[in-house]
Amino acid sequence: MSVGGHLAQSEADTLTKMNTARALVRTFATGSVQKAAKADVHPGYQKIRAKMAQFQINDGTPVHLKGGVTDNLLFASTLFFNAIGLIMCADLFYGMAFPKKEK
């Protein structure tokens, strides 16, 4: 145990061994991943990386429109259907507030 804020020699040895073990594990664990990242990469991965890079460009375009024409069409159709929905809600509220008089 600690005596006066200082580690005993056995605790210091234990911590040194643990840190050494961690460093060895990290070296072996990450070394093979780095080698594999350069050698055995699926061809589709490069397409994904290119698409990710396209979305990271800071050109002032909102991220929901960076997909191109498809995103623009989806956005426009969303606005159109929302406008139709608002018109239908206004018609419903008007019809409920001012019902047609029966003759």
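Analyst: Buried means under 20% relative accessible area, exposed over 50%, and partly exposed in between (1.4 Å probe, protein chains only). This is a predicted model: local features need pLDDT of at least 70, side-chain atom pairs count only at pLDDT 80 or more, and totals for chains, interfaces and linings use all residues. Residues are numbered from 1 along each chain as its sequence is written, and side-chain values use heavy atoms, without hydrogens or water.

The whole structure holds 2 aromatic pairs. Rings of Phe, Tyr and Trp (its six-membered ring) pair if their centres lie within 6.5 Å; planes under 30 degrees apart are stacked, over 60 edge-to-face, the rest tilted.

F80 and F81 make an edge-to-face pair, because their planes meet at 65°, with 5.4 Å between the ring centres. F81 is exposed at 55% relative accessible area. F80 is partly exposed, at 49%.

Y94 and F98 form a tilted pair. Their centres are 5.2 Å apart and their planes 50°. Y94 is exposed, with 54% relative accessibility. F98 is exposed too, at 54%.

F80 and F81 also belong to a nonpolar surface patch with I84, I87 and M88. Together the five have about 560 Å² of accessible area (Shrake-Rupley method, 1.4 Å probe; for residues, only the protein chains shown count as cover). I84 is partly exposed, at 34%.

Technical notes
Patches are made of residues with over 30% relative accessible area and no salt bridge: like charges are joined within 9 Å, nonpolar side chains (Val, Leu, Ile, Met, Phe, Trp, Tyr) within 5 Å. A salt bridge is a side-chain nitrogen of Lys or Arg within 4 Å of a carboxyl oxygen of Asp or Glu.
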